[in-house]
Amino acid sequence: MRNVGGKMKNREKYSDEILTAIISSSLCSFMHDIVIPELVDSRKIDEFCDKLDCADCSKMFAFWQDGVYVEPPTDWVNVPVDTLVRVRDDENGEWLLRYFNRFDEKPFGYRDGHNYAVFADGATSVTGSGYIEHWNYCELVEDTDEVSQ
């Protein structure tokens with residue numbers, strides 16, 4: 001069963017990594033690096049792992065596989081300048097394509113929420129000459145997305 005209700009399961013998202021872990025007998029590493037960080041604070045992973053036996057870990061892995069994959073939030077501080085993004089000012093607004101400039105934690109001179117700075121009207125850092133727009137909502141455009149202006 002794939003993408004029930006449009007939602008991807010963890011087993012689908014990580015299918016290649018799971019197969020590699022099973023073949024290489026490194027399922028414990030997979031659990032330590034991928035599964036357990038979703039459950040506990042990153043500073044307590046080793047302590048958590050030390051308390052589990054193989055049977056508990058196997059059960060946890062089985063339940064995790066059937067869970068719905070949740071995309072981690074974008075780390076906007078590390079998004080490169082000129083990355084293609086979609087922007088809008090309200091949840092129901094039409095998405096517009098722009099090129100990313102920066103993320104402002106506390107934007108100066110704009111009303112609350114306009115944290116995403118992009119180059120105006122499809123310009124880039126090369127052609128934008130400092131013309132910047134600020135938006136409330138922003139998402140990355142994936143390589144597989146259909147892009148239209």
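Helix α3 passes helix α5 in a left-handed crossing, meaning that the near helix is turned anticlockwise from the far one by less than a right angle. The model is predicted: local features need pLDDT of at least 70, side-chain atom pairs count only at pLDDT 80 or more, and totals for chains, interfaces and linings use all residues. Residues are numbered from 1 along each chain as its sequence is written, and side-chain values use heavy atoms, without hydrogens and water.

**Helices α3 and α5**

- The axes of α3 (residues 27-35) and α5 (residues 54-65) come within 11 Å and cross at roughly 55 degrees.
- Contact (heavy atoms within 4.5 Å) involves Leu27, Phe30, Met31, Ile34 and Val35 of α3 and Cys57, Met60, Phe61 and Trp64 of α5.
- By class, this contact has nine nonpolar, no polar and no charged residues.

**Tyr14**

- Tyr14 lies in the loop between α1 (10-13) and α2 (15-23).
- At 13% relative accessibility, Tyr14 counts as buried (under 20% relative accessible area, 1.4 Å probe, protein chains only).
- Leaving aside residues up to four places away in sequence, Tyr14 touches Phe30, Ile34, Trp64 and Tyr69.

**Sheet**

- Five strands (DSSP E runs of at least two residues) form an open antiparallel sheet in the order β4-β3-β2-β1-β5.
- Its edge strands, β4 (132-135) and β5 (137-140), each pair on one side only; pairing requires at least two DSSP bridges.
- Four bridges join β1 (residues 84-88) to β5, and Val87 stands opposite Cys138 in β5.

Note on methods
Buried < 20%, exposed > 50% of the residue type's maximum accessible area, 1.4 Å probe, protein only. Axes fitted to C-alpha atoms, helices over the stretch in contact; angles between N-to-C directions. Nonpolar A, V, L, I, M, F, W, Y, C, P; charged D, E, K, R; others polar.
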